[in-house]
Amino acid sequence: MSKFVYMFDEGNGGMKELLGGKGANLAEMIRIGLPVPYGFTISTEACNSYYDAGKSIPAEIQSQILDALHRLEEKTGKRLGDPTDPLLVSVRSGAVFSMPGMMDTVLNLGMNDETVEGMAELTNNPRFAYDSYRRFIQMFSDVVLGVDGFYFEQVLEEIREQKGYSSDPEMTAADWQEVIQAYKEIVKKQTREDFPQNPKEQLFLSVNAVFDSWNNQRAIVYRRLQKIPGHLGTAVNIQSMVFGNMGNDSGTGVAFTRNPSSGERKLYGEYLINAQGEDVVAGIRTPQPISTLQDEMPEVYVQFVETCQLLEKHYQDMQDIEFTVERGKLFILQTRNGKRTAQAAIRIAVELVEEQMISKKEAILRVDPDQLNQLLHRRIDDSYKRNPLTKGLPASPGAATGQVVFDANEAEALAKDGKKVILVRPETTPDDIHGIVAAQATVTSRGGMTSHAAVVARGMGKACICGCETLNIDLQCKQFKVGDTIVRQGDMITIDGSTGEIMLGEVPMIEPQLSDEFQMLLTWADQERKLDVRANADNPEDAKKALEFGAGGIGLCRTEHMFMDATRIPIVQDMILAETYEEREDALKKLLPMQQGDFEGIFEAMQGHPVTIRLLDPPLHEFLPDKEELLVEVTKLQMLDASSHELKEKEQLLRKVRQLHEFNPMLGHRGCRLGMIHPEIYMMQAKAIFYAIANVKERGIAVKPEIMIPLVGHVNELKEMRELVTKAGLQVAEETGQQYDYSIGTMIEIPRAALTADQIAQEADFFSFGTNDLTQTTFGYSRDDAEGKFLQSYIQNKVLSENPFATLDQEGVGKLVEMGVKLGRQTKPGLKTGICGEHGGEKNSIQFCHDVGLDYVSCSPYRVPLARLAAAQATIKNEQKQGVKELQAQI
């Protein structure tokens with residue numbers, strides 16, 4: 001018989017896939033002797049069996065749950081449903097990977113009309129007993145019975161107002177009895193059934209609900225966002241309750257062993273006296289900093305600090321710890337590796353190395369490359385004189401500007417339309433996750449540094465301010481007030497998540513700077529990685545930024561971007577509109593010195609690092625006005641002034657636009673096909689490159705140019721274009737009296753090029769895989785149309801696991817890349833190969849590039865640090881895999 005249920009002392013920290021992260025950590029804490037309330041874990045395999053059985057718990061698993069419950073009753077000396085000494089339990093989810101707040105929890109299970117009386121008598125604290133019962137009714141009804149929590153909150157608010165109370169601790173036992181009666185009536189009205197009184201029925205209904213929550217909408221969104229597989233399932237942890245709401249010698253809280261925002265080695269967290277855990281995270285009451293616990297309960301504080309130190313040392317990482325104090329006794333309810341900002345992740349990883357707790361390689365693996373984007377964006381200019389409207393808790397660092405929006409759905413819709421928004425809520429719930437994802441930042445008027453909004457925003461690297469109690473939010477009118485100032489939906493605000501300040505309007509920002517710890521980590525990464533990292537840069541400014549971020553060269557310089565300058569467009573259009581070769585040459589002569597200046601600036605900025613320059617790639621019509629707009633202008637002129645010179649020019653332009661129009665320009669007259677038909681264009685560009693080389697070399701600056709021919713599909717195209725470039729080089733060398741070292745290669749971006757890479761390599765010194773276009777031509781997708789019309793549906797419905805334009809499709813496009821490398825090196829063993837599509841800055845794609853033996857990846861300047869780190873992680877992971885293989889071979 002398969003085992004589906006494990007008592008806490010039957011597991012350990014290495015059983016996460018079976019027991020989930022929470023269950024494995026509870027078992028591990030029991031193993032090392034910490035004060036953990038006892039219980040048992042229903043495994044992730046049981047969750048999958050539940051779904052296999054049509055969303056019902058198989059009899060075999062039910063039997064094991066009841067047996068584990070009996071053992072828990074024996075251990076605690078209490079029985080579930082015993083009116084004289086009742087066992088009360090919590091029912092919590094526990095996935096393999098941490099998913100804070102995404103799935104459901106039920107506390108105080110086992111309470112009913114009889115056990116509440118027993119609890120009141122046993123504890124000699126009726127107020128506590130009835131408070132616990134009303135909490136259970138509300139939570140169970142919401143999570144298990146599907147009754148909206150709004151109804152309960154509304155009743156509670158009304159009764160508080162009637163009594164003249166401002167907070168829950170003022171409520172008496174009699175008040176809570178009144179609330180309980182009202183709650184039961186809500187349940188009866190909403191479900192047409194009485195609130196269930198049988199504790200075992202309550203237990204199995206709650207287990208069902210937790211299993212069901214694995215596939216609720218917010219959990220699915222979170223898994224997609226964090227790339228967590230959907231087949232893993234969740235475990236369920238049944239744990240005997242301890243109570244932080246038994247009076248002023250009790251409390252509950254959440255703490256991190258280091259600051260999750262900055263990484264500072266200092267205990268960080270919050271707690272509430274006379275409260276249960278949901279009070280801290282729900283934002284109903286504003287909690288106290290963990291440091292003040294030293295004054296309230298000094299002995300407990302000392303024990304807690306020692307426990308935190310023990311857990312961090314044991315897990316060798318910053319821990320996120322939930323705890324409860326019951327009548328002066330400390331209990332640890334959970335520990336897990338804490339979510340942290342990128343800034344904190346880097347500092348913690350580096351300091352753990354300095355503290356000799358982990359190795360440099362482990363530190364490199366500790367930082368998620370995707371998180372680094374948080375550190376590479378703007379912050380508020382220090383010289384700006386701030387005039388904050390108000391201030392809340394600095395829950396997640398970074399600055400953001402956007403339009404105020406009060407609803408998660410509206411935030412998502414506006415973001416899809418390209419608007420930058422800031423989500424403002426009294427507090428967020430897991431149901432708001434899609435709005436937090438869409439928004440630039442989140443602001444709440446309630447809740448603390450460990451509230452839902454704070455934890456989720458930090459995990460996403462988004463700025464967040466919590467507990468801004470001066471915000472008087474009116475969701476119905478879609479506005480908030482601070483004193484006499486009213487801010488309405490759509491108004492622009494700026495927030496600083498590092499200080500908690502909210503400012504009206506847009507404020508100036510400055511570029512990011514890399515911390516000493518960040519530089520140290522990247523230095524360690526550079527020592528490990530095998531892949532070179534280059535940047536895509538089209539101007540000297542981007543080139544300088546790339547060098548600043550540690551790029552080893554430019555892997556893609558797109559020359560067409562130089563043509564897009566407003567002062568050059570008229571000359572480019574003259575070149576395109578030329579009726580004769582001579583007219584086109586005149587325009588090209590004007591463009592040549594402009595291009596030459598561009599290349600000189602980039603060569604100077606790169607100071608001897610390699611620069612790969614791609615000759616003109618897009619179709620010529622992209623440099624001309626839109627056909628429909630031009631047609632409207634011509635029609636207006638025909639009506640107003642049919643004999644004007646402007647009309648003749650516009651009509652000529654319209655004729656050329658129609659002549660150049662293509663049904664499918666992505667597969668039309670572009671790339672090397674332009675060079676084949678209009679070789680004078682590529683000749684001008686090649687000469688501009690060589691003149692630039694000559695001038696820069698005269699100034700004593702080293703140059704390593706690589707000239708790339710785009711969209712080659714046949715070796716004869718590359719052969720002809722190589723001869724053209726070589727000819728240009730010889731002509732300029734004769735003029736200047738200089739000799740140049742340069743290489744000529746091609747971009748592999750259509751399947752035929754990969755399939756015939758052995759032939760193409762005869763004419764190529766290097767291959768650069770343009771995986772954006774290679775993905776389009778392999779899938780047969782037009783990227784703009786696919787992403788706008790059906791691609792998201794494909795991902796949601798699991799037709800595709802990832803967006804292939806964001807993460808390289810290794811099964812299809814990847815095979816072509818691998819084949820291209822292999823065939824190319826059969827012809828030229830030393831052939832240099834790289835990748836310059838957006839995939840060059842994505843961690844999983846970088847791992848693939850390492851695996852297939854590419855020499856470098858190239859990405860945007862701001863993703864260079866990410867690529868450096870991901871390349872190092874790829875090297876270390878491959879070493880670890882090789883080590884495992886060698887060990888297995890020895891066994």
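**Reading the model, feature by feature**

A: Start with a pair of helices: α23 passes α24 in a left-handed crossing. A crossing is called left-handed if the near helix is turned anticlockwise from the far one by less than a right angle, and right-handed if clockwise. Helices (H or I, at least four residues) and strands (E, at least two) are DSSP runs, numbered from the N terminus.

Q: What kind of model is this, and how are residues numbered?
A: It is a predicted model, in which local features need pLDDT of at least 70 and side-chain atom pairs count only at pLDDT 80 or more, while totals for chains, interfaces and linings use all residues. Residues are numbered from 1 along each chain as its sequence is written, and side-chain values use heavy atoms, with hydrogens and water left out.

Q: At what angle do the axes of α23 and α24 cross?
A: Axes are lines fitted to C-alpha atoms, for helices over the stretch in contact, and angles run from 0 to 180 degrees between N-to-C directions. Here the axes of α23 and α24 (residues 645-660) cross at roughly 150 degrees and come within 10 Å. α23 is therefore roughly antiparallel to α24. Angles under 35 degrees count as roughly parallel, over 145 as roughly antiparallel, 65 to 115 as roughly perpendicular and the rest as oblique.

Q: Which residues make the contact between α23 and α24?
A: Contact means heavy atoms within 4.5 Å. On α23 the contributors include Leu630, Leu631, Val634 and Leu637, and on α24 they include Leu647, Leu653, Leu654 and Val657. By class, the contact of α23 with α24 has 8 nonpolar, 1 polar and 6 charged residues. In that count Ala, Val, Leu, Ile, Met, Phe, Trp, Tyr, Cys and Pro are nonpolar, Asp, Glu, Lys and Arg are charged, and the others, Gly among them, are polar.

Q: Is lysine 636 buried or exposed?
A: Buried means under 20% relative accessible area, exposed over 50%, and partly exposed in between (1.4 Å probe, protein chains only). Lysine 636 lies in α23 (residues 627-640) and counts as exposed because its relative accessibility is 53%. Its C-alpha atom is separated by 38 Å from that of leucine 615, 21 residues apart along the chain.

Q: Is glutamate 351 buried or exposed?
A: Glutamate 351, in helix α13 (residues 342-354), counts as buried because its relative accessibility is 14%. Not counting residues up to four places away in sequence, glutamate 351 touches Arg258, Gly263 and Arg265.

Q: How many residues of strand β3 are buried?
A: In β3 (residues 89-95), 7 of the 7 residues are buried, so the strand is largely enclosed by the rest of the structure. Val89, Val91, Ser93 and Ala95 point one way, Ser90, Arg92 and Gly94 the other way, and all are buried.

Q: Which strands does β3 pair with?
A: Strands of a sheet pair through backbone hydrogen bonds, either parallel or antiparallel. Two strands count as paired if DSSP finds at least two bridges between them. β3 runs antiparallel to β4 (residues 105-109), with 3 bridges, and antiparallel to β5 (residues 234-240), with 7 bridges. Valine 91 stands opposite valine 106 in β4 and opposite isoleucine 238 in β5.

Q: What is the strand order in the sheet that contains β9 and β10?
A: The order is β8-β7-β6-β9-β10, an open sheet of 5 strands with antiparallel pairing. The edge strands, each pairing on one side only, are β8 (288-289) and β10 (329-337). β9 (residues 319-326) and β10 pair over 8 bridges, and phenylalanine 323 stands opposite isoleucine 332 in β10. Helix α12 (residues 298-315) lies across β6 (251-256), β9 and β10, at about 25 degrees to β10.

Q: Where is arginine 327 placed, and what is its phi?
A: Arginine 327 is in the loop between β9 and β10. Its phi is positive, about 50 degrees, although it is not a glycine. Arginine 327 is partly exposed, with a relative accessible area of 43%.

Q: Where is glutamine 607 placed, and what is its phi?
A: Glutamine 607 is in the loop between α22 (581-606) and β26 (610-614). Glutamine 607 has a positive phi of about 50 degrees although it is not a glycine, and at 53% relative accessibility it counts as exposed.
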